[in-house]
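Trainee: I would like to learn how to read a few features of a model. Where do we start?

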Amino acid sequence: METARVLVAADKFKGSLTAVQVAERVTAGLRRAVPGVRVETLPVADGGDGTVAAAVAAGFERREARVTGPLGEPVTAAYALRGTTAVVEMAEASGLQHLPAGVFAPLTATTYGSGELLAAALDAGARTIVFGVGGSATTDGGAGMLAALGARFLDADGKPVGPGGGGLAALAEADLSGLDPRLAEVDLILASDVDNPLTGPKGAPEVYGRQKGATEDDIAVLDAALAHYASVLGPEHAELPGAGAAGGIGYGALVALGARFRPGIEVMLDVLGFAPALARATLVITGEGSLDEQTLHGKAPAGVAAAARAAGVEVVAVCGRLALTQQALETAGIRRAYALTDLEPDPAVSMAQAGPLLERASEALARDFLRP
């Protein structure tokens with residue numbers, strides 16, 4: 001029998017394990033059951049938080065920059081660089097992780113630091129930038145990002161509007177003439193796992209505002225402010241897929257930076273070198289913290305499974321919790337899923353003990369799929 005060659009290409013288990021830690025634990029469990037198994041790991045991400053870490057694990061250099069956080073305070077943000085390709089994760093600069101516990105600023109949180117992070121990548125010589133967007137604390141349509149890159153957003157008195165989406169209600173003029181000229185020479189890829197428009201029932205404020213602390217009144221204010229902002233900058237871009245990503249930063253990138261939208265997992269699989277790794281594999285193990293309906297709509301495991309199925313390689317999954325039927329899994333190209341909650345039903349305990357539980361689940365997987 002041919003020696004099994006396993007490719008572990010899983011996302012993070014949010015709140016428990018990074019994608020790198022998931023790969024390490026799966027590998028340990030597999031080797032406990034089948035000591036001689038050949039394992040290659042390729043931690044993946046879909047453009048949201050964890051994207052830079054996945055790029056670094058694949059051989060990119062980690063770089064750091066001091067930038068403006070979502071509340072206006074300085075934060076340290078990382079990006080990844082290999083040659084002239086950079087992976088920039090907006091959550092590193094403008095993400096929810098930079099908010100103190102229980103503190104939100106739905107109307108005033110800014111993406112200014114994301115613009116500064118893009119500028120840092122340009123300064124480092126990047127000519128292709130994968131801009132992963134997700135996990136944001138902001139709903140400002142990318143106005144802060146554009147301001148950091150040289151745009152000016154002025155009220156009727158010619159003064160800069162206030163920070164955040166709330167300030168855009170007073171926008172009278174948008175001057176993009178001062179944007180960093182290097183942006184015109186860069187291939188900027190907007191990598192996201194969501195394809196929402198900017199505003200409306202499926203727009204950024206309505207769908208994602210509440211997780212950023214927005215009340216119903218705040219959502220109405222933000223939706224109207226972003227609609228007004230789009231009427232000044234270019235309403236035709238507001239309906240494009242990805243315009244509503246990360247509080248509308250997708251719109252700012254599309255309308256003013258010449259970005260092109262691609263599903264985040266597709267971009268990341270290209271950047272991380274998934275295709276050659278897949279060619280070496282006889283079994284792929286993917287996964288994330290929760291395998292559920294959202295997984296099927298552009299999340300990392302679905303992208304990995306689709307690519308592997310196209311190559312004729314079998315896929316199994318590991319997860320913290322499983323909320324998909326066997327039929328839904330198979331439709332997505334996943335033969336079987338191993339959930340930590342099958343080993344430990346209490347979700348809090350399962351999350352706290354995710355590492356050892358994942359090793360046990362991976363042992364079971366190995367016995368089922370790797371033993372002759």
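Mentor: With strand pairing: two strands pair if DSSP finds at least two bridges between them. Helices (H or I, at least four residues) and strands (E, at least two) are DSSP runs, numbered from the N terminus. This is a predicted model, in which local features need pLDDT of at least 70, side-chain atom pairs count only at pLDDT 80 or more, and totals for chains, interfaces and linings use all residues. Residues are numbered from 1 along each chain as its sequence is written, and side-chain values use heavy atoms, with hydrogens and water left out.

Trainee: In which sense do strand 3 and strand 4 pair?

Mentor: Antiparallel: 8 bridges link strand 3 (residues 61–68) to strand 4 (residues 74–82). Arg62 has Ala80 of strand 4 as its bridge partner. The hairpin has 5 residues between these strands, and Gly72 there takes a positive phi near 95°.

Trainee: How many bridges join strand 4 to strand 5?

Mentor: There are 4, and strand 5 (residues 85–89) runs antiparallel to strand 4. Tyr79 is bridged to Val88 in strand 5. With 2 residues between the strands, this hairpin has Gly83 at a positive phi near 65°.

Trainee: Which residues is Asp218 in contact with?

Mentor: Contact means heavy atoms within 4.5 Å. Leaving aside neighbours within four places in sequence, Asp218 is in contact with Pro106, Leu107 and Gly213. Asp218 belongs to helix 8 (residues 216–233).
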